[in-house]
Amino acid sequence: MARIVAERLGGDLDIVLVHKLRAPYQEELAVGAIDEQGETTVSPWAQAAGVDEAYLDRETAQQLALIRRRRRLYTPDRKALQVAGRDVIVVDDGIATGSTLMAALRSVRRLAPARLIAAIGVAPTHTLREIEKVADEAVCGYASDEFVAVGQFFEDFSGVSDDEVIAALHPAPSAVRNQN
């Protein structure tokens, strides 16, 4: 989705590397998130749900190692693009708890963009309201109070592979021309 947005707007494309901190009893449930600089956000309810500090320390280290591996894999020939003073759109196909998107927005906000926009495919209404507090603007294709999971809104919600991310970040020159 981000590749399409960047091409249509004539903008640059980069990736904000964040990863959810998984609940120990349900890996798809985010109890928080970590960004590339190692900044973590933990949901206020995580401790009440039985997530202890030792688990969070292990999970944080594991996810930060994954983020660092992905930076080397995705953009080995350059550092992240400079965003200071620029309008930045952070794209997410869909959010449930919003933990990873919030971490991405906070990570980008620390880099002093002129304007920070969240573009989201689908979201629960209450989570979208939280995103609107962090971004200068939030644009959402579909928000619902009757939200169960992001996957309910997609025919195919399989994960994006490393190869697909690399192809989006480094498209062949002819592929970029043909899509305009």
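Tutor: Let's start with how the pieces get their names: helices (H or I, at least four residues) and strands (E, at least two) are DSSP runs, numbered from the N terminus. Residues are numbered from 1 along each chain as its sequence is written, and side-chain values use heavy atoms, leaving out hydrogens and water. What you see is a predicted model, where local features need pLDDT of at least 70 and side-chain atom pairs count only at pLDDT 80 or more, while totals for chains, interfaces and linings use all residues. That pLDDT is the predictor's confidence in each residue, from 0 to 100.

How confident is the prediction? The chain averages a pLDDT of 90, and 95% of the residues score at least 70. Confidence is highest in strand β5 (residues 115-124), at a mean of 96, and lowest in helix α6 (residues 173-179), at 50. Over residues 174-178 the pLDDT stays under 50, and the model has two contacts beyond four places in sequence for that stretch; contact here means heavy atoms within 4.5 Å.

The part I'd pick is helix α3, and here is how it sits. Eight of the eleven residues of α3 are buried, so to speak "mostly covered". Buried means under 20% relative accessible area, exposed means over 50%, and partly exposed is in between, using a 1.4 Å probe and protein chains only. Among the buried ones are Leu-101, Met-102, Leu-105 and Val-108.

First, helix α4. Helix α3 (residues 99-109) packs against α4 (residues 125-134) at an angle of about 5°, with the axes 10 Å apart. That makes the two helices roughly parallel. For the angles, axes are lines fitted to C-alpha atoms, for helices over the stretch in contact, and the angles run from 0 to 180 degrees between N-to-C directions. Under 35 degrees counts as roughly parallel, over 145 as roughly antiparallel, 65 to 115 as roughly perpendicular, and the rest as oblique. On the α3 side, the contact is made by Leu-101, Met-102, Leu-105, Arg-106 and Arg-109, and on the α4 side by Glu-130, Ile-131 and Val-134. By class, this contact has five nonpolar, no polar and three charged residues. The classes go like this: Ala, Val, Leu, Ile, Met, Phe, Trp, Tyr, Cys and Pro are nonpolar, Asp, Glu, Lys and Arg are charged, and the others, Gly among them, are polar.

Next, the antiparallel sheet. Strands β1, β2 and β3 form an open sheet in that order, with antiparallel pairing; two strands pair if DSSP finds at least two bridges between them. Strands β1 (18-23) and β3 (40-42) stand at the edges with a single partner each, so one side of each has no neighbour in the sheet. Neighbouring strands here are turned by 45° against each other on average, ignoring direction. Six bridges join β1 to β2 (residues 26-35), and Ala-23 stands opposite Gln-26. Helix α2 (residues 53-74) lies across β1, β2 and β3, at about 150° to β1. Our α3 packs on this sheet too, touching β1, β2 and β3, and its direction makes about 10° with that of β2.

Then there's the other sheet, in the order β4-β5-β6, open and with parallel pairing. Strands β4 and β6 (137-144) are at its edges, each with a single partner strand, so one side of each is left without a neighbour in the sheet. Here neighbouring strands are turned by 5° on average, direction ignored. Seven bridges join β4 (residues 87-94) to β5, with Asp-87 opposite Arg-115. Another pairing, β5 with β6, also has seven bridges, and Ile-120 stands opposite Cys-140. Helix α4 packs on this sheet, touching β5 and β6, at about 175° to β5. Nine of the ten residues of β5 are buried, so β5 is largely enclosed by the rest of the structure.

Finally, follow the chain out of α3. The loop between α3 and β5 holds Ala-112. Most residues other than glycine have a negative phi. The phi of Ala-112, though, is near 65°, a positive value in a residue other than glycine. Ala-112 counts as partly exposed, at 45% relative accessibility.
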